[in-house]
Amino acid sequence: MLSTMPPARKSRALFLVGLLLTMHGFFVVPLLVAHAPLEKTMGIVQKIFYFHVPCAWLLMLSTFVCAGGSLAYLFRGSEPGDRLALCSAELGVLFGLCVMVTGPLWARAAWGVFWTWDVRLTSSLLLWLMLIAYGLARRYGGAGGRRLAAAMALFAAADVPLVYLSVNLWRGLHPSTKTVSSLAPGMRLPFFFSLAIFSALWGVLLALRMRVERAQAHLVEVAIAVEDAEGSSS
Amino acid sequence: MTYVALAYSFIWGAVFTYVLLVGRRVARIDAEIEEIRQRVKPGA
């Protein structure tokens, strides 16, 4: 339905959907989380899990989407692919920042320290830093910056399976990947609801950000055309 | 409880800040569009 809408209405619809999702995320998720049963050993601090895991999932998803767009740009010169890579990398940095803040808060309560060089934590930090480096390479990398950044995105994507499997390959302090599948029945609904809301919000933010990037590219084309027209008429 | 509230507030604060930054970019694009519109206006 969205594809048949005129652009202005599409933007408005996207904005409204985003607003609705944000309100749901802001009010409904914490209500569900508050009513979820308390975990026996950790108590209330375990509830950070309902926000931390969706953010971590979005960090990984953003990295894969960024790598997909970068591949399209590197091998086919696709400009939309490059824009998709940039927008998803930005969202990866945003949700990665949330992971890097919520994780240590949980760790402080669970392990007594904000940070430890556990493989999961270290590989996640590396992934987040690679996405930041992607943005820096694009901004300050000069003429070849976009291609360099695209290649970096592929390395970042290679880190994702390592991040995910690290807790199974090297048993560290971080809970394993089986935590979600072994959730108590009362914890499943708030968790999957939170995951769905965060994922939908990510989708809307990506669509909005892509529209801004498309508009920017279009504007540059128009500005060049106007300057050419002014140059030829004078 | 403090840590849970901190984590929750940080996430929504970060998302809200990001949306504001995107909004600023939109405002900048709008200003550039207006500038081009003024330049191509007949008689300009």
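**Terms and values**

Me: Why are α2(A) and α4(A) called oblique to each other?

Reply: α2(A) and α4(A) are oblique to each other because angles under 35 degrees count as roughly parallel, over 145 as roughly antiparallel, 65 to 115 as roughly perpendicular, and the rest as oblique. Helix α2 (residues 49-76) of chain A packs against helix α4 (residues 119-140) of chain A at an angle of about 40°, the axes being 11 Å apart. Axes here are lines fitted to C-alpha atoms, for helices over the stretch in contact, and angles run from 0 to 180 degrees between N-to-C directions. Helices (H or I, at least four residues) and strands (E, at least two) are DSSP runs numbered from the N terminus.

The model is predicted: local features need pLDDT of at least 70 and side-chain atom pairs count only at pLDDT 80 or more, while totals for chains, interfaces and linings use all residues. Residues are numbered from 1 along each chain as its sequence is written, and chains are lettered from A and ligands numbered from 1 in the order in which they are written.

Me: Which residues of α2(A) and α4(A) meet?

Reply: From α2(A) come L59(A), T63(A) and C66(A), and from α4(A) come L127(A), W128(A), L131(A) and Y134(A). Contact requires C-beta atoms, placed from the backbone, to lie within 7 Å. These residues divide into six nonpolar, one polar and no charged; Ala, Val, Leu, Ile, Met, Phe, Trp, Tyr, Cys and Pro count as nonpolar, Asp, Glu, Lys and Arg as charged, and the others, Gly among them, as polar.

Me: What makes α2(A) oblique to α7(A)?

Reply: α2(A) and helix α7 (residues 185-233) of chain A pack at an angle of about 40°, with axes 9 Å apart. That angle makes α2(A) oblique to α7(A). The residues in this contact comprise 11 nonpolar, two polar and no charged.

Me: Is the crossing of α2(A) and α7(A) left-handed or right-handed?

Reply: The crossing of α2(A) and α7(A) is right-handed, whereas α2(A) passes α4(A) in a left-handed crossing. A crossing is left-handed if the near helix is turned anticlockwise from the far one by less than a right angle, and right-handed if clockwise.

Me: Why is V99(A) called buried?

Reply: V99(A) has 25 other C-beta atoms within 10 Å, and is therefore buried. The term applies at 20 or more such atoms within 10 Å, exposed at 12 or fewer, and partly exposed in between, with C-beta atoms placed from the backbone. V99(A) lies in helix α3 (residues 79-111) of chain A. Leaving aside residues up to four places away in sequence, V99(A) touches H52(A), C55(A), A56(A), L59(A) and S124(A).

Me: How many residues of chain B are in contact with chain A?

Reply: In chain B, 20 residues are in contact with 25 residues of chain A. The side of chain B that touches chain A has 17 nonpolar, no polar and three charged residues.

Notes. Contact = placed C-beta atoms within 7 Å.
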